[in-house]
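Subject: Structure for your files

Hello,

Here is the structure you were waiting for. My notes on what was found in it follow below.

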Amino acid sequence: MKLSDAKATLTFSDGRPSVELPIYQGSIGPEVIDIRKLYGQTGMFTYDPGFLSTASCQSAITYIDGDKGELLYRGYPIEQVARKCDFLDACYLLLKGELPTAEQSREFHKDIANHMMVHEQVRYFLRGFRRDAHPMAVLTGLVGALSAFSHDMHDVSNSEHREHAATLLIAQIPTLAAMAYKYSRGQPYVYPDHSLSYAGNFLKMMFATPCAPYEVNPVLERAMDRIFILHADHEQNASTSTVRLCGSSGTNPLAAVAAGVACLWGPAHGGANEACLNMLETIQREGGVAKLGEFIAKVKDKNSGVRLMGFGHRVYKNYDPRAKLMQETCNEVLGELGLENDPLFALAKALEKVALEDEYFVERKLYPNVDFYSGIVQRAIGIPVNMFTGVFALARTVGWFAQLNEMLEDPEYKIGRPRQLFTGSQRRDIA
Ligand code: SDX
């Protein structure tokens, strides 16, 4: 980051001495006012619940221009990464900052393939869960449990250890997610198959059974790979900030990522794809397109507590570029499966049209986000609704590690420890 010639001056209307604050510039995007010395100079904190105007770190990984609806992975537009790379090359890009050469790509694909099989004892962790446990609860537990298997291998001050932890979990998270699904179905686990791609392996581990040969459908394989790419990283979102804050204590990196899985589960974040599909199914049950007006009226009524899931975003005040790519994938998958007239897809497109023409959404700049169509694609592929966020977590594992490792490599990083505006009781004694 570069120190700007300009400075920010904070003046107080009650005559308190003004304060000059440095301004830093990044390579693109908003400048920042460096307030690190503010408390020391004024005895005051800044106040920004939800961090709407706060940059928590400097990062070179992912850039979002919310007004333009632009998303760059290490400078490359998501549209190009989604169309010209596979997920593992996108992982390499996010982790290392550059796209791999053909040789580096081969090596990385092979390294991931060689680590996809989990320790046989992992299946004992699954046995502790009820069969109907939510897959995100299971994944939170399994990722955390993995930290017990490799704690001695992961000294976060050692860059090779950090790289190994990333490779291990990027490789094993599809296996863990598929095991969570198989366990819920009472079906035998399927081992990874080195002859398949990363996405092809996930589909086979999810849907193959010992009773019949399983052929990976190339259109579904490509769709799965694109879903992974679109969810891989997204700047300082809630779960990534969770991983950074958790990791800032120097804890085991897998334990820090388990915290990210837990955060992603929420319906305001990664859980929105599951919530969005449930919303569409409810509207469908209650009358479908004919009932859209009624539903939109509920959404606009603050007292209803109803939100249009899959719409709106803290950063995008334009169309989420991932939603456009996801809709494209939706068309491809539904076409391949002969589901072009899928009623839920038609309902989603009708709902999007109504919302985009409604003043309530227009004035609040609420557009479809990545979660609006991802559920429809996954449902068409055969992934159950309660597994959607698990797929999101699978894909976001690389982003969590890229961001965690970037923080740990930043010489300026400190343990995260925000302060507060205290509004509780002043000092008092027990009578
Ligand atoms: C993800 O951060 C990331 O990058 C996340 C993510 C990633 O890749 O990591 O992109 C993934 O989490 C996408 C977002 C998925 N969540 C949803 O789709 C849930 C539905 N969306 C919302 O709950 C909401 O839009 C958020 C949480 C996404 C953003 O909320 P903000 O920025 O805190 O905005 P807000 O709640 O302050 O809303 C501003 C206004 C309010 O109305 P007013 O009080 O101004 O009248 O917009 C309204 C809100 O009521 N609003 C919505 C709405 N989203 C915002 N009204 C109806 N439906 C919605 N979905």
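**The open sheet**

Three strands make up an open sheet, ordered 1-2-3 and paired in the antiparallel sense. Strands are DSSP runs of E with at least two residues, helices are runs of H or I with at least four, and both are numbered from the N terminus. Two strands count as paired if DSSP finds at least two bridges between them. Strand 1 (2–10) and strand 3 (32–33) are at the edges with a single partner strand each, so one side of each has no neighbour in the sheet. Six bridges join strand 1 to strand 2 (residues 19–25), and Thr9 has Glu20 in strand 2 as its bridge partner.

**Basis of the values**

This is a predicted model, in which local features need pLDDT of at least 70 and side-chain atom pairs count only at pLDDT 80 or more, while totals for chains, interfaces and linings use all residues. Residues are numbered from 1 along each chain as its sequence is written, and side-chain values use heavy atoms, with hydrogens and water left out.

**The whole chain**

The chain has 18 helices and six strands. Its radius of gyration is 23 Å, close to the 22 Å that the globule rule gives for 431 residues, so the chain is as compact as a globular protein of that length. That radius is taken over C-alpha atoms, and the rule is 2.2 Å times the number of residues to the power 0.38. Along the principal axes, the C-alpha atoms fill a box of roughly 80 × 60 × 60 Å. Of the 431 residues, 47% are buried (under 20% relative accessible area, with exposed over 50% and partly exposed in between; 1.4 Å probe, protein chains only).

**The hairpin**

Strand 4 (residues 62–65) and strand 5 (residues 70–73) run antiparallel and are joined by four bridges. They form a hairpin with four residues between them, and Gly69 in the turn has a positive phi of about 70°. Ile64 stands opposite Leu71 in strand 5. In a regular strand, side chains alternate between the two faces of the sheet. Strand 4 is covered on both faces: Thr62 and Ile64 are buried on one side, Tyr63 and Asp65 on the other.

**Salt bridges**

The count of salt bridges is 23, each being a side-chain nitrogen of Lys or Arg within 4 Å of a carboxyl oxygen of Asp or Glu. Arg16 and Asp14 form one of them (2.9 Å, N to O); Arg16 is partly exposed, at 42% relative accessibility. Arg162 pairs with Glu409, with the closest N and O atoms 3.3 Å apart. That pair links distant parts of the chain, 247 residues apart: Arg162 is in helix 7 (residues 159–185) and Glu409 in the segment after helix 18 (388–408). Arg162 counts as buried because its relative accessibility is 7%.

**The second largest pocket**

A pocket is found on a 1 Å grid over the protein atoms alone, as an open set of points where a 1.4 Å probe fits, with protein on both sides within 12 Å along at least five of seven lines; lining residues have an atom within 4 Å of a point. The second largest pocket holds about 350 Å³ of space. Its lining has 19 residues, and those nearest its centre are Leu95, Lys96, Glu163, Asn405 and Glu409. Helix 7 gives the most to this lining, with five residues.

Regards

Note on methods: Grid points are joined across faces, edges and corners, and a volume is the space filled by probe spheres set on the points.
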